[in-house]
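Here is a short tour of one protein model, written for someone meeting it for the first time. Have a look at the sequence and the structure, then read on.

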Amino acid sequence: MSAIFNFQSLLTVVLLLICTCAYLRGLFPSIMDRNKVGIMGTFWKCARIGERKSPWIGACCVLMAFSILFFN
């Protein structure tokens with residue numbers, strides 16, 4: 001089944017995208033900051049969400065990991 005049709009998989013993909021973009025922005029800030037529109041702008045927005053909502057994103061990642069490990 002595709003991640004689009006399974007809600008738990010979709011949430012996992014979105015959380016991993018946010019965490020990955022925030023991590024890559026920490027490594028390469030100039031690349032992420034110059035691309036703020038279009039498809040690359042989506043990655044910049046995900047990085048901003050990951051930076052600003054970091055405790056909430058971390059808690060969601062822990063809850064998602066717990067859910068995947070024990071409820072699947």
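An unreviewed UniProt entry annotates residues 54-71 as "transmembrane region"; UniProt positions follow the numbering used here, feature names are shortened, and such annotations may be inferred rather than shown by experiment. In the model, that span is 100% helix and 0% strand, with its end C-alpha atoms 25 Å apart. Helices here are DSSP runs (H or I, at least four residues), strands are E runs of at least two, and both are numbered from the N terminus.

A quick word on the ground rules: this is a predicted model, where local features need pLDDT of at least 70 and side-chain atom pairs count only at pLDDT 80 or more, while totals for chains, interfaces and linings use all residues. Residues are numbered from 1 along each chain as its sequence is written, and side-chain values use heavy atoms, leaving out hydrogens and water.

Now for the charged side chains. A salt bridge means a side-chain nitrogen of Lys or Arg within 4 Å of a carboxyl oxygen of Asp or Glu, and the count comes to three. Here they are:

| Pair | N to O distance |
|---|---|
| Asp33 and Arg25 | 2.7 Å |
| Arg25 and Glu51 | 2.7 Å |
| Glu51 and Arg48 | 3.6 Å |

Together, Arg25, Asp33, Arg48 and Glu51 make up a network of salt bridges. How exposed are its members? Going by relative accessible area (buried is under 20%, exposed over 50%, partly exposed in between, with a 1.4 Å probe and protein chains only), Arg25 is buried at 15%. Asp33 is partly exposed at 29%, as is Glu51 at 34% and Arg48 at 23%. Glu51 and Arg48 sit three residues apart in helix H3, so about one helical turn separates them.

Next, the aromatic rings. Rings of Phe, Tyr and Trp (its six-membered ring) pair when their centres lie within 6.5 Å; planes under 30 degrees apart are stacked, over 60 edge-to-face, and the rest tilted. Searching the whole structure turns up two such pairs. Phe66 and Phe70 have ring centres 4.9 Å apart and planes at 55 degrees, so that pair is tilted. Both lie in helix H4 (residues 54-71), four residues apart, about one turn of the helix. For Phe66 and Phe71, the centres are 5.9 Å apart and the planes at 80 degrees, so this pair is edge-to-face. Phe66, Phe70 and Phe71 form one aromatic cluster.
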